[in-house]
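Here is a protein chain to explore through questions and answers. Have a look at the sequence and the structure first.

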Amino acid sequence: MEAIKAAEGHHICTELPSAARSGPVSHAISRAARLHRKAAGQLLRGLGLHPGQELVMMHLWERGPARQSELIRLLDLDPSTVTKMLQRLEQAGHVRRLPDPADRRAVLVEATDASSHLLAEVEEAWGVLEENTLTGLTAPERRQLLDLLAKVETNLCGRGGEG
């Protein structure tokens, strides 16, 4: 298998499929995102969470109760997927769902007091994930990567990539 050279002589550990030759950066981002999600899943599994559930919990810990519809928009997932995610979090005792007092048809989701122990564990897992992801990059390279990813995100948001 021939390694494909990336910018500045670095190598990507996979052969670039011929159909992706017109999009080597998109292919690299896709692979990196998949591997990052897999690494996150391994770390979160030890906490009893699935990828994405920690994002719900972070939002609830930071901002307090939220409507289920707000969480669906935040995660940009199918409503049935978010419903299943919330059911699992509720069964684990991390969230509770209740009618929104401002609109009884809407559902509010809030973190339980019992979930507070997870906050430090999620922070630690994300710290480990960050370090594993960025090993070998200097502080300026890390800042540059963050800046470049912000530009990519802005580009995608403006073209229907995220909404």
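Contact here means heavy atoms within 4.5 Å. The model is predicted.

Q: Among contacts in the protein chain between residues at least 6 apart in sequence, what percentage join residues at least 24 apart?
A: A contact needs heavy atoms within 4.5 Å. Take the contacts between residues at least 6 apart in sequence; the share that joins residues at least 24 apart is 42%.

Q: How many helices and how many strands does the protein chain have?
A: Read the elements from the N terminus on: they run β-β-α-α-β-α-α-β-β-α-α. The totals for the chain are 6 helices and 5 strands.

Q: What percentage of the residues of the protein chain count as buried?
A: Buried means under 20% relative accessible area. The chain has 163 residues, and the buried share of them is 24%.

Q: Which residues is V56 in contact with, leaving aside its neighbours within four places in sequence?
A: V56 is among the residues with the most contacts inside the largest nonpolar core. Beyond its sequence neighbours within four places, V56 is in contact with L71, L75, M85, L86 and L89.

Q: Is D100 buried or exposed?
A: D100 sits in strand β4 (residues 95-100). Its relative accessibility is 8%. The cut-off for buried is under 20%, so D100 counts as buried.

Q: Which residue forms a salt bridge with D100?
A: Side chains of opposite charge can pair when their charged atoms come close. Not counting residues up to four places away in sequence, D100 touches R67, A106 and L108. In the salt bridge of D100, the closest N and O atoms are 2.6 Å apart.

Q: How far apart in space are D100 and A66, C-alpha to C-alpha?
A: In sequence, D100 and A66 are 34 residues apart. In space, C-alpha to C-alpha, the value is 9.1 Å.

Q: Which strands hold R96 and E110?
A: The side chains of R96 and E110 meet in a salt bridge (2.5 Å, N to O). The pair ties together parts that are 14 residues apart in sequence, R96 being in strand β4 and E110 in strand β5 (residues 103-111). R96 is partly exposed at 36% relative accessibility, and E110 is partly exposed at 21%. The strands are β4 for R96 and β5 for E110.

Q: Which helices does the pair of R142 and E131 tie together?
A: The side chains of R142 and E131 meet in a salt bridge (3.0 Å, N to O). They are 11 residues apart in sequence. R142 is in α6 (residues 139-157) and E131 is in α5, so the helices tied together are α6 and α5.

Q: How many salt bridges does a search of the whole structure find?
A: Another joins R96 and E110. The search of the whole structure finds 5.

Terms used: Residues are numbered from 1 along each chain as its sequence is written. This is a predicted model: local features need pLDDT of at least 70, side-chain atom pairs count only at pLDDT 80 or more; totals for chains, interfaces and linings use all residues. Side-chain values use heavy atoms; hydrogens and water are left out. Helices (H or I, at least four residues) and strands (E, at least two) are DSSP runs, numbered from the N terminus. Buried means under 20% relative accessible area, exposed over 50%, partly exposed in between (1.4 Å probe, protein chains only). A nonpolar core is a set of buried Ala, Val, Leu, Ile, Met, Phe, Trp, Tyr and Cys residues joined through side-chain atoms within 4.5 Å. A salt bridge is a side-chain nitrogen of Lys or Arg within 4 Å of a carboxyl oxygen of Asp or Glu.
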